[in-house]
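Me: I'd like to go through the aromatic rings and the core of this protein. Can you walk me through them?

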Amino acid sequence: LDDAETAIWARITELAGRFQQADRIVLGVPMGNFDYPYKLKQLIDLVSQRGMLFSFDGRAYGPLLSIPRALVIHVRGQGHDPVAYPASPGFAHQADYLDFWLRFIGVKEIRRLMVEHTWDGRATETIARGRADAQHRRLQLPRPAPGAHREGDRRRARRQPDRAAPRVPAPRGGRLGGRERRAHRGVGPAR
């Protein structure tokens, strides 16, 4: 590898290290153009490296992480209405892909929170309900026992004292658009 490739590989290793050190994962995923944000897909593509997050022995894949749980918050401007759109497959593909990937790398339990209708007349109600559900689920995620922190966790705990779980960062140097930035911070519209 030349110097530029070595620097890029070091950044990829650093991003994968965040997953390797995590004791749980929280993802905020807004739907845009009927899919998850391309920056999230880019992050998944970058960190999903053999020998870092998964193994492959020539015959079978296996997870290299052992993360007890993840919470994925899906935010959508509309909802799936099978009466209005009978031929529509719905939005399951978005959640199913993320569930697959999280299990593939070694997450044991995945919880989903769906917040729909955030751009229509029901927005105020559904965003408030989504926040309440997120708060409820946050209380259900046990915090690590004192002294059980890994080295990098203490730094994160100082920066995010009231967060139940560390968030996965955007790629360093990467810029997030409005919806991706809001998802990165949590549920709901920009404040």
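Predicted model: local features only at pLDDT ≥ 70, side-chain atom pairs only at ≥ 80, totals over all residues.

Reply: Residues are numbered from 1 along each chain as its sequence is written, and side-chain values use heavy atoms, with hydrogens and water left out.

Me: How many aromatic pairs does a search of the whole structure find?
Reply: Rings of Phe, Tyr and Trp (its six-membered ring) pair if their centres lie within 6.5 Å; planes under 30 degrees apart count as stacked, over 60 as edge-to-face and the rest as tilted. Searching the whole structure that way, the number of aromatic pairs is 7.

Me: Are the rings of Tyr 36 and Tyr 97 stacked or edge-to-face?
Reply: Their centres are 5.1 Å apart. The planes sit at 20 degrees, so the pair is stacked.

Me: How many residues apart in sequence are the parts that Tyr 36 and Tyr 97 tie together?
Reply: Helices (H or I, at least four residues) and strands (E, at least two) are DSSP runs, numbered from the N terminus. Tyr 36 is in the loop between strand S1 (24-30) and helix H2 (38-47), while Tyr 97 is in helix H3 (residues 92-105). So the pair ties together parts whose separation in sequence is 61 residues.

Me: Is Tyr 36 buried or exposed?
Reply: Buried means under 20% relative accessible area, exposed over 50%, and partly exposed in between (1.4 Å probe, protein chains only). Tyr 36 has 15% relative accessibility, so it counts as buried.

Me: What about Tyr 61: which kind of pair does Tyr 61 form with Phe 104?
Reply: The rings are 5.7 Å centre to centre. With 55 degrees between the planes, the pair is tilted.

Me: Which residues have the most contacts inside the largest nonpolar core?
Reply: A nonpolar core is a set of buried Ala, Val, Leu, Ile, Met, Phe, Trp, Tyr and Cys residues joined through side-chain atoms within 4.5 Å. The largest one has 24 residues. Helix H1 (3-21), S1, H2, strand S4 (67-75), H3 and strand S5 (107-115) each supply at least two of its residues. Those with the most contacts inside this core are Phe 19 and Ile 25.
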